[in-house]
Amino acid sequence: MLKYGYGGRILKIDLAERKFKIEKTDPQWIKSVIGGRAANTKRLFEKLKLDCDPLSHKNLLIFAVGPLTGSLLPASAYYTVTAKSPLTGILGDSAAGGQFAAEMKQTGFDQIIITGKSDRLIYLMVTDSGVEFIECPELAGKNIVQTTQIIRNQQKNYSVQVAAIGPAGENLVLFSTIVSSGNRVNGRTGMGAVMGSKNLKALAVHGSKSVEFADTLGFLEEVKKIEQDILNHNEYRKRYNMGTTMLMKDLNRIGILPTNHFQKGVCDYVDEVSGQNLASTYKVKNKACFNCNLHCSRYYVVDNFEAEGPEFETLCGFTSRIGNRDLPFALEMNEYLNQMGLDSISTCEVIGWIMECQERGLIHSNDLDDFSIAWGEKDKIKELVKMITFRQGIGNKLAEGTTKLSQNFSEEARKLVMQVKGLDIICGDPRGIKGYGLTYAIASRGGDHLRAEPFFELTNRKQEAKKRFGTEKAADRLAEEGKAALVCYSEKIALLTDCLTMCKNIGLCMDILNFEKASKLLKTATGIDYSPEYLQNILGDAIDLDFKLNRRFGMRREDDALPGRFQNEPLKEGPTKGSTIDIQRMVDEYYEIHGWKR
Amino acid sequence: MIKVNIGKCTGCRRCETTCAFFHTGKVNHHLSRIKVLNLYETGIDGPIVCVQCQERYCLRCPVEALSIGAMGQVIASPTVCTFCGYCEESCPIGAIEIFDVIVYVCDLCGGKPKCVEACTEKAIVFDENGERPSLADIREETKKMNPSQKRQFYLNKLGMEVRKQWRKQIA
């Protein structure tokens with residue numbers, strides 16, 4: 001019986017039958033995965049018919065929180081959504097912060113498993129006692145904030161939190177998102193399309209169950225230490241002021257800011273689109289996730305639009321990556337994408353790829369219904385984004401994602417798609433951050449950094465690198481040596497943050513979480529003995545399970561790769577000039593540490 | 001009393017979490033005496049807590065279970081209270097609420113409010129001699145609402161001023 005930390009219950013919902021079942025969380029089962037992301041992957045592995053069409057009623061859509069979610073721990077604000085990805089056909093999942101997770105935690109459900117497909121558009125109202133299935137024709141086509149407001153008004157309750165899809169999810173854009181807290185996005189791998197395919201507009205939660213702790217004062221003591229670690233961190237002010245948008249100038253300074261679709265790593269107008277400029281010109285206040293004392297999110301107002309954010313990926317994606325130097329335009333796009341429910345990374349990749357291919361003459365305007373677009377052409381970017389959202393005209397093809405779209409074009413054009421396993425890669429040129437390069441290649445949801453976030457390689461902490469990873473090179477961003485060891489460490493911490501759950505910026509980038517601290521937090525919160533060694537073992541098992549699951553989805557060793565550009569074309573200017581990445585060797589080393597066979 | 005500066009609130013809800021935790025050892029916003037709303041349509045976040053209004057509508061309790069303490073705080077007697085819900089209905093801003101046979105209203109933590117300590121943004125401060133506002137106008141508008149709706153109405157009203165400031169700020 002799970003009394004502390006955990007909610008202790010699992011909610012199973014069948015949309016076709018409009019029935020639900022409440023079960024107790026199996027203590028042994030949950031102990032082997034902690035909660036959150038690892039719990040979802042295991043559930044998917046056990047329950048999903050793996051060869052199913054991701055957009056069919058057979059796919060599962062699983063929401064999970066962890067034993068520390070919604071607790072006193074700063075930024076214990078995350079939930080993970082997992083399904084078979086319609087974009088990549090492999091493991092799909094995405095986490096988001098804000099306020100949704102803490103409210104879901106108060107319903108007492110550790111995991112909500114949704115199966116089947118509704119015959120009409122509905123939303124689910126989940127409370128302590130179960131689920132109400134509510135038909136909502138009035139919500140069709142509504143954006144995220146509208147949907148949230150309508151549901152809260154209907155429920156006459158403004159503590160209700162809502163995770164919804166926008167028009168893009170309803171239209172089954174393969175990289176559509178689920179968005180909660182107005183602007184908090186489960187962005188990657190098309191979880192919005194899975195929700196849309198089930199005719200599920202939103203999952204609303206409101207709970208009244210308490211989060212209780214086994215050793216209340218002991219837990220408080222551990223939390224206080226973490227609060228101090230955050231407040232005393234040398235990046236506190238910088239992160240408070242800019243959040244992740246600080247990376248615009250930081251990455252540009254080392255020559256790895258994706259510019260004109262990774263053709264360059266230095267952006268000469270970075271000051272115009274920087275986090276600094278955003279903070280001083282358009283930010284009106286800071287925003288925060290549940291119970292966080294960093295407050296690194298921001299709210300901005302421009303003439304006709306306003307929103308929370310943007311984070312670095314969206315800011316870079318809609319500025320330098322596609323050649324746009326107009327900051328307010330990027331802010332307008334941030335609001336539009338969040339409200340329509342499109343993933344900014346995959347959206348900017350498809351736009352950037354078309355721009356580069358047209359510049360190189362690999363795609364002609366008559367290939368795209370007479371559409372042509374050059375770097376930074378704002379009106380056309382806007383038009384494309386709208387066409388994708390509503391699957392209008394060529395938008396219908398673009399909505400399948402860059403990898404599928406590229407199948408219609410030459411090999412040369414296909415090679416320019418910046419993707420791994422069908423997932424478009426993030427804004428950070430791996431030629432100058434080799435640990436990140438390895439992470440993109442091996443990440444179990446495809447080209448993504450959050451599976452390991454090896455931020456350590458940017459810290460220059462050479463002695464610490466030698467101590468932790470056996471070589472000073474692990475703290476040298478341009479070195480390949482030591483990076484497999486670094487990634488093998490940080491992928492466990494990354495997974496740990498996703499399981500507890502807590503914020504990765506704090507836990508990992510600010511280097512505040514480790515196995516010892518997690519062990520004490522878990523022990524005091526849940527009363528269950530999670531020793532540091534045990535944690536490392538089960539996190540290792542969970543990473544093995546990701547690997548095994550993706551093998552069953554058809555992935556092979558050669559899919560752990562990077563686009564050829566990063567291996568063959570050195571950057572031509574800036575502090576990363578001349579660098580390429582020998583990814584095969586790094587992946588081999590990574591496999592060796594894991595003991596995985598090719 | 002607790003004074004709130006909505007413009008500084010980031011919506012982190014640390015005041016709410018801390019209030020519940022230090023009174024009960026648990027985290028649950030229903031157990032908190034200060035309640036935060038995040039209004040995504042306007043970007044306004046803010047805590048709602050007893051403002052010690054001039055009118056003291058809640059004191060018209062039919063069984064006289066409520067009284068005023070030395071710091072102006074509302075004190076609910078758990079033995080006299082019949083949980084009839086009068087106080088909850090009469091508060092114009094949803095700052096007093098019954099949950100699971102306990103009346104939740106700000107008790108100022110005996111003079112050192114934990115929520116104030118938890119707020120790193122100084123969006124809430126403790127002001128012992130602050131001027132008590134009138135809620136007569138608000139009461140007329142929120143009479144038929146439940147506590148959550150009242151909080152939303154009140155926060156929206158306060159938020160309108162903040163949004164005007166934002167416009168000036170970026171101009």
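**Close-up 1. A:Asp379 in helix H14 of a predicted model.** A:Asp379 is found in helix H14 (residues 378-389) of chain A, where helices (H or I, at least four residues) and strands (E, at least two) are DSSP runs numbered from the N terminus. This is a predicted model, in which local features need pLDDT of at least 70 and side-chain atom pairs count only at pLDDT 80 or more, while totals for chains, interfaces and linings use all residues. Residues are numbered from 1 along each chain as its sequence is written, and chains are lettered from A and ligands numbered from 1 in the order in which they are written. Is A:Asp379 buried or exposed? A:Asp379 counts as exposed because it has 9 C-beta neighbours inside 10 Å; a residue is buried if 20 or more other C-beta atoms lie within 10 Å of its own, exposed if 12 or fewer, and partly exposed in between, with C-beta atoms placed from the backbone. Although A:Asp379 and A:Phe329 are 50 residues apart along the chain, their C-alpha atoms are separated by 9.8 Å.

Close-up 2. Strands E13, E14 and E15 of chain A form, in the order E13-E14-E15, an open sheet with antiparallel pairing, and two strands are said to pair if DSSP finds at least two bridges between them. The edge strands, each pairing on one side only, are E13 (283-287) and E15 (305-308) of chain A, and the twist from one strand to the next averages 10°. Strand E14 (residues 297-302) of chain A pairs with E15(A) in the antiparallel sense over four bridges, and A:Val302 has A:Phe305 in E15(A) as its bridge partner. Helix H12 (residues 327-340) of chain A lies across E14 and E15 of chain A and runs at about 65° to E15(A); the axes behind such angles are lines fitted to C-alpha atoms, for helices over the stretch in contact, and the angles run from 0 to 180 degrees between N-to-C directions.

**Close-up 3. The contact between chain A and chain B.** This contact takes 34 residues from chain A and 30 residues from chain B, where two residues are in contact if their C-beta atoms, placed from the backbone, lie within 7 Å. On the side of chain A that touches chain B, helix H4 (144-155), E13, E14 and E15 of chain A each supply at least two residues, and the largest share, four residues, comes from E13(A). The residues on that side of chain A divide into eleven nonpolar, 17 polar and six charged, with Ala, Val, Leu, Ile, Met, Phe, Trp, Tyr, Cys and Pro counted as nonpolar, Asp, Glu, Lys and Arg as charged, and the others, Gly among them, as polar.

**Close-up 4. The six-stranded sheet of chain A.** An open sheet with mixed pairing brings together six strands of chain A in the order E2-E1-E6-E3-E4-E5. Its edge strands are E2 (19-24) and E5 (91-96) of chain A, each of which pairs on one side only, and neighbouring strands are turned by 15° against each other on average, direction ignored. Within this chain, strand E3 (residues 61-64) and strand E6 (residues 109-115) run antiparallel and are joined by four bridges, and the bridge partner of A:Leu61 in E6(A) is A:Ile114.

**Close-up 5. Backbone details in the loops of chain A.** Most residues other than glycine have a negative phi, and most peptide bonds are trans. The peptide bond from A:Gly309 to A:Pro310 is cis, with omega near -15°, and A:Pro310 has its place in the loop between E15 and H11 of chain A. A cis peptide bond also leads from A:Leu500 to A:Thr501, with omega near 0°, and A:Thr501 lies in the loop between H20 and helix H21 (504-509) of chain A. A:Lys421, which is not a glycine, has a positive phi of about 55° and is found in the loop between strand E16 (419-420) and strand E17 (423-424) of chain A. Why does A:Lys421 count as buried? A:Lys421 is buried because 26 other C-beta atoms lie within 10 Å. A:Glu453, in the loop between helix H18 (434-442) and helix H19 (462-469) of chain A, has a positive phi near 40° and counts as buried, with 22 C-beta neighbours inside 10 Å.
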